[in-house]
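Work through these exercises with the sequence and the 3D view side by side. Try each task before you read its solution.

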Amino acid sequence: VAGSGTTGGSRPDVTAVYPAYPADRGYDITVPAAPGGHTVCVRADNSDVGLPATTIGCAWVTVPGVVQGRAVPVGHLEVAWPAPGALQVGGWALDADTPDPIDVHMYVDGMFWGAVTANGNRPDVGAAFPGMGAAHGFSTTLTGFLGGTHQLCVYGINAGGGVNPRIGCANVTLPGGNPRGSFDTVTAAPGAARVTGWLIDPDTPKGITAHVYVDGVWAARATADQSRPDVGAAFPGYGAAHGYDVTVPVASGGAHQVCVYAINVGLGNTNPRIACRSVTLPAGNPHGSFDAATGQQGGVRIQGWSIDPDTTSPVTVHVYVDGVWTARYLADGVRPDVGAAFPGYGASHGYDAVVPAKAGKHKVCVYAINTGLGTTNPLLGCRTVTAG
């Protein structure tokens, strides 16, 4: 028994057939029922006169909605196309238990890779399945793959919790191989070389690593992920983020060979050398100034600056008092005037120190100690000063 009710609805058509009875013999009853097909029977209750109930009739009716474990989803994998580092996927799927969109799960090489709702407009599907509507298409791009052949499989997820059938599978071969690129420029700087260019690995649209060698020795790494619209235009599908721009340290001035290598990912079998270029860095003997010498109790205060063209690092200065080596100091104090006069070397090239000395008159000399290609440790100056 699903429910009950009483007659009372007006049915003139019934009165026309049974004129001895009034017209209020109709019934209209709604009862709850689970989704799916049911046989519905109506019985008239004769218990008030002591007779068994009379079955008036039965009918088959389908209640709309999701039916647990009834219909199995259907669909078709129509698009399985390769892209750099990605798979483009498309098709349609539906579950006959419901006109609502269902989910589609995607597996690549046996591993779950994502889910999408099949709710895209597909009038052709709607025409083929009357009453289900047209919102049953799916389209997406799966990313994060290297080159080579990958197996893609798509499954329709049952709205009623039953079987999730495989809609389709396809083998898709993505581009792969060794990286390629360009070593565009190398520019000399004090103690360094600036290197620019671009790299692409066919296996991935992501930026890859560049290694830089100076005179055959590894010097730096950089990620080729800076914007290069010209590269993006030349290699559609890979994007523009493949430029590199890195400044690498160089131990000394003079001529050097700089080489760039692209580091392979995926299917390639080597890290190809893109190119080598020569660059000549500033070099020579250090220079500077012995600005001031001031006598004070127990010594002499010296002030000045020094730069070696071979390096941006501070220079060491040696101090002689009356011809005898007395002390060494690192010229790393901040001198904005020096930084402004020698762009690229920075301001940390000043010295300001107290050299120990006995009371009396002394000759104080300062020498800059050479780094790199220079041939001597030049005298920056001498001053005669009286210590207290």
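**Exercise 1: the core**

The largest nonpolar core has 23 residues, and those with the most contacts inside it are Phe183, Val195, Leu199, Val248, Val258 and Val260. Which elements give two or more residues to this core?

Solution. Start with the term: a nonpolar core is a set of buried Ala, Val, Leu, Ile, Met, Phe, Trp, Tyr and Cys residues joined through side-chain atoms within 4.5 Å. Next, the elements: strands E11 (180-189), E12 (192-200), E13 (209-214), E14 (217-223), E16 (241-249), E17 (254-262) and E18 (273-281). Strands are DSSP runs of E, at least two residues, numbered from the N terminus. Now look at valine 260. Leaving out residues up to four places away in sequence, valine 260 touches Phe183 and Val195, among others. Contact here means heavy atoms within 4.5 Å.

The model is predicted: local features need pLDDT of at least 70, side-chain atom pairs count only at pLDDT 80 or more, and totals for chains, interfaces and linings use all residues. Residues are numbered from 1 along each chain as its sequence is written, and side-chain values use heavy atoms, with hydrogens and water left out.

**Exercise 2: histidine 318**

Is histidine 318 buried or exposed?

Solution. Find histidine 318 in strand E21 (residues 315-321). Its relative accessibility is 16%, so histidine 318 counts as buried (buried: under 20% relative accessible area; exposed: over 50%; partly exposed: in between; 1.4 Å probe, protein chains only). Then check its partners. Beyond four places in sequence, its contacts include Ala327, Cys365 and Tyr367. Its side chain also makes a polar contact with the side chain of tryptophan 325, at 3.3 Å. A polar contact is a pair of N or O atoms within 3.5 Å; within protein, one must be able to donate a hydrogen and the other to accept it, and residues adjacent in sequence count only if both atoms are side-chain atoms.

**Exercise 3: aspartate 109**

Where does aspartate 109 lie?

Solution. Look in the loop between strand E5 (103-108) and strand E6 (111-117). Phi of aspartate 109 is near 55°, a positive value in a residue other than glycine. With a relative accessible area of 43%, aspartate 109 is partly exposed.

**Exercise 4: aspartate 215**

Which loop holds aspartate 215?

Solution. Go to the loop between E13 and E14. Phi of aspartate 215 is near 55°, again positive in a non-glycine residue. Relative accessibility is 43%, so aspartate 215 counts as partly exposed.

Notes. Helices (H or I, at least four residues) and strands (E, at least two) are DSSP runs, numbered from the N terminus.
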